[in-house]
Amino acid sequence: MADPQVRSFSRARARGIARGLRAKDFLSVLDLSHEELDDTLALAAQLKAERALGRTSLTPLAGKHLALLFDKPSLRTKSTFTIAVRELGGDVIDPGAEVALGSRETVADVAKNLERWVAGAIVRTFAQARLVAFATAAPSLKVINALTDEEHPCQAVADVLTLREHLGDLRGRTVTFVGDGNNVAVSLAHAAVMLGMRVRVASPKGYELPKPILAECARVARWGGIVEVTNDPIAGVTGADAVYTDVWASMGQEEQIDARETIFAAFQVNESMMDAAGPDALFLHCLPAHRGHEVTDAVMDSPQSVVFDQSENRLHAQKALLAKLFT
């Protein structure tokens, strides 16, 4: 009798892989329909199960090369995308930040050159507009957002995959993001409301989730999914199923670190804050974490912490996204 994990994988493959993504690129969680997000998560779970069995039956990238274009440093993103491309049968090139995105020639010219050599580009850069310009300049090149200042969609897919693993059906569940309403918070809100979650974003005044994001979330929310904003971190986490935080100063904001240390001090995720959430609340962080700042060691290393599950799931989520983009 066939292994149930393999049978389940075959069903996911038939359902999810048979349908590629409607969009050429994956620049935002909002590029996915509700059905595509569901299928991507199902496929990611099955690719994870298959990998644990030592199996690799999908090779949609066979004979293809993808370019890694990183303006910002990375451990998880670069490592997991490199592994994902290779496990799906492809290979990567890594031109280096000094030549990758407009430092020696225009962003459009870089895209038009790469379009002649590679099938796709995985881009980690600053402004979202820069990424959009790159993708628009190369109509046959598939482009994936590996992080911009405004959005971090690959992280969000891994986040909701992790939440689903630990909580099951996410409809009606609550996740609270504590800290700056940054790119991670934006993409988490997009993905979570599409799955019917209540998203609370607790931030200091002046650092809230951007208002246009609230309208975007309202437009794509399903099953009662909603975003709420507050300036009270304890009220924000009370009764939450999961508490999520990120660094107080993102890449490119280094000159603000000292000021933000004071502004965000009350938003540190510590044992008291997790007690307010409850004993069963999960703790999430996209990493790297600045221990002793936005989160304490006691929380990072607690049984409630699933931060390394999130990190692992970057690989599986990105494999699923790649597989569906290249179907």
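Reply: Here is a quick tour, topic by topic. Keep in mind that this is a predicted model.

Me: Rings to begin with. How many aromatic pairs does a search of the whole structure find?

Reply: The search turns up four aromatic pairs. One of them is Trp248 with Phe264, a stacked pair. Their ring centres are 6.0 Å apart, with 20 degrees between the planes.

Me: Why does that count as stacked?

Reply: Planes under 30 degrees apart count as stacked. Trp248 and Phe264 have 20 degrees between their planes, so they are called stacked.

Me: Buried or exposed, Trp248? And Phe264?

Reply: Trp248 is buried, at 7% relative accessible area. Phe264 is buried too, at 0%.

Me: Which aromatic pair do Phe264 and Phe267 form?

Reply: An edge-to-face one. The centres are 6.4 Å apart and the planes stand at 65 degrees. Phe264 and Phe267 are both buried.

Me: Which residues form one aromatic cluster?

Reply: Tyr207, Trp248, Phe264 and Phe267.

Me: What about charges over rings? Which ring does the charged end of Lys142 sit over?

Reply: The ring of Phe326, at 5.9 Å from its centre. There is also Arg222, which lies over the face of Trp223. That one is 4.0 Å from the ring centre.

Me: OK, helices. How do α2 and α7 cross?

Reply: Helix α2 covers residues 34-52, and helix α7 covers 153-167. Their axes come within 10 Å and cross at roughly 70 degrees. That makes α2 and α7 roughly perpendicular to each other. The crossing is right-handed.

Me: Which residues make the contact?

Reply: From α2, Asp38, Thr40, Leu41, Ala44, Ala45 and Lys48. From α7, Val157, Val160, Leu161, Arg164 and Glu165.

Me: Let's zoom in on Thr40. Buried or exposed?

Reply: Thr40 is in helix α2. It counts as buried because its relative accessibility is 0%.

Me: What does Thr40 touch, not counting residues up to four places away in sequence?

Reply: Thr40 touches Leu21, Val157, Ala320, Leu321 and Lys324. Val157 is one of the α7 residues in the contact with α2.

Me: How far is Thr40 from Leu131?

Reply: The two C-alpha atoms are separated by 22 Å. Along the chain, Thr40 and Leu131 are 91 residues apart.

Me: Leu131 brings up α6. Which of its residues are buried?

Reply: Gln128, Leu131, Phe134, Ala135 and Ala137. They pack against β1 (65-70), α5 (107-115), β3 (120-124) and β4 (142-145).

Me: And Ala129, buried or exposed?

Reply: Ala129 is in α6 as well, which spans residues 128-137. It counts as exposed because its relative accessibility is 57%. From Ala129 to Ser74 it is 21 Å, C-alpha to C-alpha, and 55 residues in sequence.

Me: Back to α5. How does it cross α6?

Reply: The axes of α5 and α6 come within 8 Å and cross at roughly 40 degrees. So the two helices are oblique to each other. Their crossing is right-handed. On the α5 side, the residues that meet α6 include Val107, Ala111 and Leu114. On the α6 side, they are Arg130, Phe134 and Ala137.

Me: Last topic, backbone. Which peptide bond is cis?

Reply: The one from Leu287 to Pro288, with omega near 0 degrees. Pro288 lies in the loop between β9 (282-285) and α13 (297-300).

Me: What is phi of Leu287 near?

Reply: Phi is near 65 degrees, a positive value in a residue other than glycine. Most residues other than glycine have a negative phi, and most peptide bonds are trans. Leu287 is buried, at 12% relative accessible area.

Me: And what's the phi of Leu147?

Reply: Positive, at about 140 degrees, and Leu147 is not a glycine. Leu147 lies in the loop between β4 and α7. It is buried, with 6% relative accessible area.

Conventions. Residues are numbered from 1 along each chain as its sequence is written. This is a predicted model: local features need pLDDT of at least 70, side-chain atom pairs count only at pLDDT 80 or more; totals for chains, interfaces and linings use all residues. Side-chain values use heavy atoms; hydrogens and water are left out. Rings of Phe, Tyr and Trp (its six-membered ring) pair if their centres lie within 6.5 Å; planes under 30 degrees apart count as stacked, over 60 as edge-to-face and the rest as tilted. Buried means under 20% relative accessible area, exposed over 50%, partly exposed in between (1.4 Å probe, protein chains only). A charge sits over a ring if NZ of Lys or CZ of Arg is within 6 Å of the ring centre and within 35 degrees of the ring normal. Helices (H or I, at least four residues) and strands (E, at least two) are DSSP runs, numbered from the N terminus. Axes are lines fitted to C-alpha atoms, for helices over the stretch in contact, and angles run from 0 to 180 degrees between N-to-C directions. Angles under 35 degrees count as roughly parallel, over 145 as roughly antiparallel, 65 to 115 as roughly perpendicular and the rest as oblique. A crossing is left-handed if the near helix is turned anticlockwise from the far one by less than a right angle, and right-handed if clockwise. Contact means heavy atoms within 4.5 Å.
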